[in-house]
Amino acid sequence: FEYLWADCPRGDAAATATKISDSLTRAQCMALCEASPSCNGMEVTGCLGNPADCGGQCYHFSGVSDGSLRDGNCGHGGDSNALWKLPAYTFLFTGCPRGVGAATWKQIGSSLTKADCMRRCDADIHCNAIEILGCRDNPQCLGDCYHFYGTSDGAIHNECTNDLAQYPGSAYRKLQGGSRCQWSLQAGKACGNTI
């Protein structure tokens with residue numbers, strides 16, 4: 001998780017807030033968010049009286065996983081901590097992954113969402129990247145899912161640039177540990193800490 005700020009998160013990535021409990025520590029709230037595929041991030045209150053652990057209301061946020069995120073300026077007076085899951089994938093390009101990082105591939109399924117395709121790649125330790133079709137008219141995508149294999153840190157390039165109108169696949173690379181500070185910087189804040 002990346003620490004964002006001492007206030008509430010808002011934006012497309014935090015479109016829905018769900019109150020989980022009135023009394024959880026930061027670690028407990030984080031563990032429940034980590035276990036929930038729909039939870040993008042969390043906020044916990046009770047941090048002024050107990051800065052090490054917090055211990056108050058726990059909210060989980062869901063929405064477009066790679067959507068916008070900003071400080072909601074909810075006026076919590078520094079009593080809350082907002083934390084966000086580090087991204088597991090980064091968008092590469094529209095096209096076909098190839099290269100030493102994507103030397104071989106196989107179709108995993110059809111009529112899958114981007115999230116389903118990524119979850120299946122997460123379950124395969126050898127999967128380095130995905131390509132998902134059906135993203136042109138649907139940001140969650142819905143189409144054929146391909147997994148790519150090769151050297152885990154090897155280069156991946158696009159080999160389908162000439163027929164993108166007929167083959168509009170979106171390619172994503174699985175990250176090793178996430179991109180530190182992605183969310184803080186996107187929201188125009190100083191880089192937070194990862195927890």
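A disulfide is a pair of cysteine sulfur atoms within 2.5 Å. By that rule, the chain you have open counts seven disulfides. This is a predicted model, in which local features need pLDDT of at least 70 and side-chain atom pairs count only at pLDDT 80 or more, while totals for chains, interfaces and linings use all residues. Residues are numbered from 1 along each chain as its sequence is written, and side-chain values use heavy atoms, leaving out hydrogens and water.

**First stop.** Select Cys 33 and Cys 39, a disulfide with sulfur atoms 2.0 Å apart. The torsion about their S-S bond is about -95 degrees, so the link is left-handed. Both cysteines are buried (under 20% relative accessible area; exposed is over 50%, partly exposed in between; 1.4 Å probe, protein chains only).

**Second stop.** Now pick Cys 29 and Cys 58, another disulfide. Here the torsion is about 75 degrees, so this disulfide is right-handed. Cys 29 sits in helix H1 (residues 26-35) and Cys 58 in strand E5 (residues 56-62), so the pair ties together parts 29 residues apart in sequence. Helices (H or I, at least four residues) and strands (E, at least two) are DSSP runs, numbered from the N terminus.

**Third stop.** Move on to helix H2 (residues 114-122), where Lys 114, Cys 117, Met 118 and Cys 121 are buried. Viewed down the axis of H2, these buried residues fall within an arc of 95 degrees, so they line one face of the helix; the arc is that of the directions from the helix axis to the C-beta atoms. Strands E8 (89-94) and E10 (104-112) are among those they pack against, where contact means heavy atoms within 4.5 Å.
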